[in-house]
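Please find below some notes on the model, for reading beside the coordinates.

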Amino acid sequence: MLYTPIINSILEVLLITLPALFTVAFVTVAERKTMASMQRRLGPNIVGYYGLLQAFADALKLLLKEYVSPTQANLILFFLGPIITLIFSLLGYAVIPYAPGLAISDFDLGILYMLAVSSLSTYGILLAGWSANSKYAFLGSLRSTAQLISYELILSSAILLVVLLTSSLNLTINIEAQKAVWFMLPLFPIFVIFFIGAVAETNRAPFDLAEAESELVSGFMTEHSAVIFVFFFLAEYASIVLICILTSILFLGGYNLDISFITSIFETIYSALIFIVEICIYGYKVILTLFSNIGENGISDTLTLIKHIEVNDNMYNKENLEIINAVNRILGINNDVNSNFDVNNGINKHFLSDPKIEGLLYSLSLGLKTFIMIFVFIWVRASFPRIRFDQLMSYCWTVLLPIVFAFVILIPCILYIFEIIPSNFLYY
């Protein structure tokens, strides 16, 4: 019994880490296919159906490669850097609320925790670049450190403005505060600035100066190969997925979903299915009457019989009830039809009110918003050219930072003028 908490903790970690790694694998395939479509080429389409297993083939190729390390490198830090980067890229998933109450750790400083682990993952890049004893890797690590210092300030300032509207660093509270309106609408300029900072923080194009192939061969990853290179690759895409989840939580309502809207969709689908069944039953009766009576009674008498067929009377007889109940079982509705069936009550009571179905819908809502943001990341990479490093730094310090500081002053003033400061702040 003493080992039960340890086993539960291991299972929780596996339940979060393994889906995250699978998501990272398929995000790489999605990026290659999306960019191929934008550039009018095919992309991966050989390994697996439609190229879906290409990521696993690439991983297997890198795992089977011989590892070669530089002779003059600091081998301990050289191996430790990619491991640190991957570990801290995956630690952020521990505080993500995937649905109401569905998180490994839902503590009050979740936003601060995510900022901390996202910052620490960059130190793995710094260690790996410095320990490789290569000028290209060292320059890449220096650039990564400069980007960390610069754009971390942009991200933290943008998050501060969101916290001003919720008065909490808890991710769940920030999601629940957006039930009325997503923060992207009142804070749209901050949302754009946060997205730009997120692209720079994850070393993505057009801000991938830390691994600029045209200048630094491969930047901080120049001397890494085989398994260690896989760690860097997984860490980069895990950070992208994590920052997209954080963007969805802070500005797009997180897992919030209008259940009544989904209910209306299912009601419409159910009513359409019942209507199709009714039409089929009525058509079957008409055809049966036509072929069984036209030879004996003539056309006029047969048409008279067809006019007297009433759908509602034939709908709920013993034979046709089995068809309607089969439709209910397909939709997950446990209420058997014995009389006129109440569609709204059946769906609301037996389908969407199920906690498992409701939690699944909430998780799908967060996943859909996250993958929209991932698509925007890919779109940006395929659209914009890489800028110079001095332009990257000047853009941060002379353009973005003054705008963010202006909003840091403006938004509290607006909250104070309209007396809508969150109540928690009034007691500090």
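1. The buried residues of H7 pack against helices H4 (110–131), H5 (135–166), H9 (226–251), H14 (355–383) and H15 (389–417). Contact means heavy atoms within 4.5 Å; helices (H or I, at least four residues) are DSSP runs, numbered from the N terminus. Buried means under 20% relative accessible area, exposed over 50%, and partly exposed in between (1.4 Å probe, protein chains only).

2. This is a predicted model, in which local features need pLDDT of at least 70 and side-chain atom pairs count only at pLDDT 80 or more, while totals for chains, interfaces and linings use all residues. Residues are numbered from 1 along each chain as its sequence is written, and side-chain values use heavy atoms, with hydrogens and water left out.

3. Of the 14 residues of H7, 11 are buried, including Phe191, Phe194 and Glu201. Asn203, with a positive phi near 55°, follows the helix.

4. The structure has 6 salt bridges (a side-chain nitrogen of Lys or Arg within 4 Å of a carboxyl oxygen of Asp or Glu). One of them joins Asp58 and Arg32 at 2.7 Å, N to O. Asp58 is in helix H2 (residues 54–64) and Arg32 in helix H1 (residues 4–38), so this pair ties together parts 26 residues apart in sequence.

5. Arg388 and Asp390 form another salt bridge, at 3.0 Å, N to O. Through shared partners, salt bridges also join Glu31, Arg204, Glu236 and Arg381 into one network.

6. The disulfide count is 0, taking a disulfide as a pair of cysteine sulfur atoms within 2.5 Å. Cys396 is buried at 0% relative accessible area, whereas Cys413 is partly exposed at 39%.

Definitions and conventions. Helices (H or I, at least four residues) and strands (E, at least two) are DSSP runs, numbered from the N terminus.
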